[in-house]
Amino acid sequence: MSMLFSRKLRSLLLLPALAPLGGCSKAVLLSPSGDVAWQLRDIILVSTGLMLLIIVPVIVATLWFAWRYRESNTEAPYSPDWDHSTILELLIWAAPLLIIIALSALTWVSTHKLDPYRPLERLDAQRQVPAGTKPLEVQVVALDWKWLFLYPEQGIATVNELAAPVDRPIEFKLTSSSVMNSFYIPALAGQIYAMPGMQTRLHAVINQPGVYQGFSANYSGAGFSQMRFKFHGLPQAEFDQWVRKNKADPRALDRDAYQVLVQPSSAAPVQRFGTVDPSLYQAILDRCAQPGGDCTSAHARFDDANICRAPRQAELQLPQNPMSSPAAL
């Protein structure tokens, strides 16, 4: 009995120490460093405030009614035949309805405004994206259980390390090698799924230099918990230096190197590749990066051709159905 009590006591003593750790991710969400994540933060705060407009009065009214009409309070009015109040009905139904309308409007506008496929129109609340600005393209591949980042403009690739210049729009193109994952950097933007044979997009911008956490937010197997990486927000000069450091690496990421890299591994270290096969990402997307693979894009072209021919074939076969002939009608 005493041992059980001591274990419970130790658990209670550990709670204050664990509390700050539990709030780390929440602190990032409430104080992000990218404009898209900042707008998402505002939506969370506004939505919470609108819902509290109902929750707080209801809690206060519940406590007040319980105290006001307690059995021992003989001064409270007693109305056993009361059954309706028009004013009360209006308050009960009108207030939640107005809040639902406000939340619906907020959701509709923000869903279109913050569509991850939509190119950015601003760098932050005070600055628009300059005309002619070219986003930094990063091709993202979710492997088991690590992240592969390809920079087609720079001709480099990294594993479990991502970097981007401050105040330059980023266009992520994402896919997966095997199973569905979720790409998420809380300080940068919302999460977006990466799926095999499909490409998703995410537009974002980082506004403050720093090192931020990125991870997979969708369970994908045994090594999921260690599928993490560092995202570096760098001034342009430091980003150029980071690119030069990666280009100096003698390793090349070609089809053969990819076959080794794609093998499942947990807690994979950072890897750098100074050169990359330009067709590798498209091959991964088409699921034919492995030797002997049959590209899905070829199937898509074949299916499109069949779809184009299908109405004409159906039209030719129609008279063969006796129920569709003029005589049958």
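Modeller: Contact means heavy atoms within 4.5 Å. By that rule, and not counting residues up to four places away in sequence, Phe149 touches Val138, Gln139, Val140, Ile156, Ala157, Thr158, Asn160, Glu161, Leu162, Phe183 and Phe229. This is a predicted model, where local features need pLDDT of at least 70, side-chain atom pairs count only at pLDDT 80 or more, and totals for chains, interfaces and linings use all residues. Residues are numbered from 1 along each chain as its sequence is written, and side-chain values use heavy atoms, without hydrogens or water.

Colleague: What makes the largest nonpolar core a core, and which residues have the most contacts inside it?

Modeller: It is called a core because its buried (under 20% relative accessible area, 1.4 Å probe, protein chains only) Ala, Val, Leu, Ile, Met, Phe, Trp, Tyr and Cys residues are joined through side-chain atoms within 4.5 Å. Among the elements giving two or more residues are strands S1 (136-143) and S2 (146-151) and helix H5 (236-247), named as DSSP runs (helices H or I, at least four residues; strands E, at least two) numbered from the N terminus. S1 gives the most, four residues. Another core lies apart, with 19 residues, including Val159, Leu261, Val262 and Ala289.

Colleague: How do you know which residues line the largest pocket?

Modeller: Lining residues have an atom within 4 Å of a pocket point; a pocket is an open set of points on a 1 Å grid over the protein atoms alone, with protein on both sides within 12 Å along at least five of seven lines. Here 22 residues qualify, and Val36, Lys113, Leu114, Asp115 and Pro116 lie nearest the centre. Helix H3 gives the most to this lining, with five residues.

Definitions and conventions: On a 1 Å grid over the protein atoms alone, a cavity is a set of points where a 1.4 Å probe fits but cannot get out, and a pocket is an open set with protein on both sides within 12 Å along at least five of seven lines; lining residues have an atom within 4 Å of a point. Buried means under 20% relative accessible area, exposed over 50%, partly exposed in between (1.4 Å probe, protein chains only).
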